[in-house]
Amino acid sequence: MVLNRYRENVKGYLEAIVRPLARAGVTPNTITVLGLLVSLAGAYLFYRGEQIIAALVLLFGSLVDALDGTLARLTGKTSRFGAFLDSTFDRISDGAVLFGIALGNLADWRVAFIAFMGSYLVSYERCRAELAGSGRLAVGIAERAERLLIIIITALFGHVEYGVYAVAVLAWITVLQRLYAAYQRLRE
Ligand SMILES: CC(C)CCC[C@@H](C)CCC[C@@H](C)CCC[C@@H](C)CCOC[C@@H](COP(=O)(O)OP(=O)(O)OC[C@H]1O[C@@H](n2ccc(N)nc2=O)[C@H](O)[C@@H]1O)OCC[C@H](C)CCC[C@H](C)CCC[C@H](C)CCCC(C)C
Ligand SMILES: O=P([O-])([O-])O[C@@H]1[C@@H](O)[C@H](O)[C@@H](O)[C@H](O)[C@@H]1O
Ligand SMILES: [Mg+2]
Ligand SMILES: [Mg+2]
């Protein structure tokens, strides 16, 4: 919830980056696929124990993840499938990063699994509640942007294990926040 307030602040910069891509005829879905590949490269670097480089690659992957939607909106090419693809690839990216961190022995696999479950539940709750008519349920202390930035920043300092612990706790707090928000909005 916190980081997404900055979307407007970075919008101009993102649009400046995508304009040449629009002129070159690059499609939003192509950028979405590229963003996933970059995130998977970051996950692999975590597996290899290179957490600082992995963090920088993930940061670039987040930039790419911001570019696909920006390109879509700027060119009037937003699509339902594109939204689906973007969200689905976010899940693959989130899971791969935590898997790479655990497999690379950079954090306890049990904590990584709790973080993984919490992260997926947060996003699933939003999707299921919005499907049930809750309206936009982008609530909670650790949306995807916050979870990702926690992993990136702690990895940049060489201590991604602290980031995994933090995500495990904050994601489950967000699970409870969204549970309550959904109850308030959906109770008959
Ligand atoms: C190290 C270098 C090599 C590179 C580093 C460059 C940095 C300067 C990069 C800065 C990255 C910054 C923009 C994001 C940082 C926050 C990030 C960790 C959080 C996650 O970001 C997610 C991102 C995108 O979210 P979505 O995919 O949900 O949104 P969209 O794609 O826009 O919209 C989806 C929507 O679009 C339609 N659509 C999509 C795809 C498609 N194919 N078809 C479609 O139709 C459809 O409608 C979909 O529903 O969110 C970005 C916004 C972010 C939350 C803003 C936060 C800004 C933050 C404060 C800036 C922090 C900067 C950072 C600390 C800088 C440090 C740099 C230093 C370390 C080098
Ligand atoms: O913030 P969060 O709810 O955990 O996760 C979000 C998903 O719910 C949403 O579908 C997707 O488009 C966003 O990019 C983000 O991944
Ligand atoms: Mg995106
Ligand atoms: Mg995304």
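D90 is buried in this predicted model, with a relative accessible area of 13%. D86 is buried too, at 18%.

**Where the residues sit**
- D65 has its place in helix 3, which runs over residues 51-75.
- D90 belongs to helix 4, residues 80-103.

**Who touches whom**
- If you skip neighbours within four places in sequence, D65 is in contact with D86, D90 and R144.
- On that basis, D90 touches D65 and R144.

**The magnesium ion (ligand 4)**
- This ion is held by OD atoms of D65, D86 and D90, at 2.0 to 2.6 Å.
- Along the sequence, the donor residues follow the spacing D-x20-D-x3-D.
- The site has six donor atoms, and with angles of 50 to 165° among them it's irregular.

**A bridge between two ions**
- D65 bridges the magnesium ion (ligand 4) and the magnesium ion (ligand 3), and the two ions lie 3.4 Å apart.
- D65 lies in helix 3 and D86 in helix 4, so this pair ties together parts that are 21 residues apart in sequence.

Terms used:
Residues numbered from 1 in each chain as written. Chains lettered and ligands numbered in written order. Predicted model: local features only at pLDDT ≥ 70, side-chain atom pairs only at ≥ 80, totals over all residues. Heavy atoms only, no water. Helix = DSSP H or I, 4+ residues; strand = E, 2+ residues; numbered from the N terminus. Contact = heavy atoms within 4.5 Å. Buried < 20%, exposed > 50% of the residue type's maximum accessible area, 1.4 Å probe, protein only. Donors = N, O, S within 2.8 Å, 3.2 Å for Na, K, Ca; no water. Tetrahedral: all angles 85-135°; square planar, octahedral: opposite > 155°, others 65-115°.
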